[in-house]
Amino acid sequence: MSTATSADTTIRGGEVVIDGSVVRADIAIADGIVTTISSSPIDAHHVIDAQGCLVLPGGIDGHVHLSPAELTDGSYPWVDDFESGTRAAAAGGVTTVGNITFPRPGEALADACRRVADDVRAQAVVDVLLHPVVTEEQHLDPGELTALQELGQTSIKVFATLGAFQTRRRQYYRFMAEAGSRGFLTMVHCEDDELIRHCTASLFERGPADFRHFGESRPDAAEEAAVAQLIAFAEVSNTPIYVVHLSSRRALTACSAARARGVPVYYLYLTEDLLQREDGAKYIGQPPLRRQDDVDALWAGLRFGTVDTVATDHAPWTLEQKLEARTSLERLRPGVADLETVRPMLFSEGVLTGRISLARFVELTATNPARLFGLYPRKGTIAPGSDADLVIWDTDETRVVDGSRGESRAGYSPYDGTSVRGWPRDVLSRGEIVVSGGKVTGRSGRGSLPARGSSAPR
């Protein structure tokens, strides 16, 4: 570690997690950057006492849906915008989020990013990455990638469930391969659209179908088929892909040979029996909740490295909106709020139970996503020269989850009533305190859009 020096801010006496090790040290911060890590005291104008707490890198949630985020028909007005969504992120120790950014009809990918960037600069409390969604034939022009590179955004999102992918798969593959050759990471929603349509039609042929039939309409076989197809493409083209919201043991098994890159924490704690409850519609996500053996397989993937990162797919609705749509499969609203709970839940149910180590927790929620999205070592680690995105983590604080008191406008959490131990006490984003004593203090509009380099898988 570095020798003692002076600083604008010092985090004093915490147990700092660095490269898988835990050391007691002071951290000096100047101009939003970590300047020194020292076992000797560091003087500063402002000292934050971290004794008895862990000091972790700020979390990176690479897959969220914050408004404005519209499908081409404008049908998905999620309830969290960049203000409420990034407040929820900060409260949960997440200092960078990656927003799935839908272009409007006829809009270029770079233009969609510019439009949404204006909202980020006006509203966001923490930093934001943008993942533009390839939805139209015009987006399959390599010139779109050039424009995105100039904006410093080096990832794209593809839905295997959207019609354009089904009808123009060869063109998509060519475009994704070109993106990979330029250092882009392609994020893919992997479910086989034709299988889903077949299963859904079969359900309706037997009679009315509601939220209790959701799992049958999107079976794990449809997820496995799409994952296997995209893996085959990745292998023959040497193109990196990030398989988002993996939910089943079958899909994980298919991914293991190609090193799957992503899983939403939602599927790590809840199982499909919840869909049979009267209020089961509030647990709807895509893909659906699975069985206990799927949950166990995902935990094993986290522990042993088959899965590289954890993300939420935060796509929040109010409970009223979720439940009013439960009468038909065609009206269901997929997605839940999870930005505020993703790290505390994983720490409490993973680290404290021995399912994963503290080092894996940091890798899964900070270091690996920083590498994947071209941010490392600026983010995802604690080191001289890195952004001072830091979380002072109180390992003893226990709270019962209550979404009605959270920062998300959803007003509820799928984990309501769950006792969770280990929460952020203070959070710094680029050296500025955005959470103090568990309360969000960061101002709207201070978030930035960091320029990114090429994806660098671990």
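The model shown is predicted, and local features need pLDDT of at least 70, side-chain atom pairs count only at pLDDT 80 or more, while totals for chains, interfaces and linings use all residues. Residues are numbered from 1 along each chain as its sequence is written, and side-chain values use heavy atoms, with hydrogens and water left out.

View 1. Helices (H or I, at least four residues) and strands (E, at least two) are DSSP runs, numbered from the N terminus, and axes are lines fitted to C-alpha atoms, for helices over the stretch in contact, with angles that run from 0 to 180 degrees between N-to-C directions. The crossing of α1 past α2 is right-handed, where right-handed means that the near helix is turned clockwise from the far one by less than a right angle, and left-handed anticlockwise. Phe82, Glu83 and Thr86 of α1 make the contact with Val116, Asp119, Val120 and Gln123 of α2, contact being heavy atoms within 4.5 Å.

**View 2. Helices α12 and α13 pack roughly antiparallel.** With their axes 10 Å apart, α12 and α13 pack at an angle of about 155°, and they are therefore roughly antiparallel to each other; their crossing is right-handed. The contact is made by Arg343, Leu346, Phe347 and Val351 of α12 and by Leu358, Phe361, Thr365 and Ala366 of α13.

**View 3. Aromatic pairs are found by a search of the whole structure, which gives 10 of them.** Rings of Phe, Tyr and Trp (its six-membered ring) pair if their centres lie within 6.5 Å, and planes under 30 degrees apart count as stacked, over 60 as edge-to-face and the rest as tilted. The rings of tyrosine 242 and phenylalanine 373 have centres 5.5 Å apart and planes at 35°, so this pair is tilted. Because tyrosine 242 lies in strand β11 (residues 241-243) and phenylalanine 373 in the loop between α13 (358-372) and β14 (390-400), the pair ties together parts that are 131 residues apart in sequence. Both tyrosine 242 and phenylalanine 373 are buried, where buried means under 20% relative accessible area, exposed over 50%, and partly exposed in between (1.4 Å probe, protein chains only). Phenylalanine 347 and phenylalanine 361 form an edge-to-face pair, 5.6 Å centre to centre with 75° between the planes. Phenylalanine 347 counts as buried at 2% relative accessibility, and phenylalanine 361 counts as buried at 0%.

Conventions
Parallel < 35°, antiparallel > 145°, perpendicular 65-115°, else oblique.
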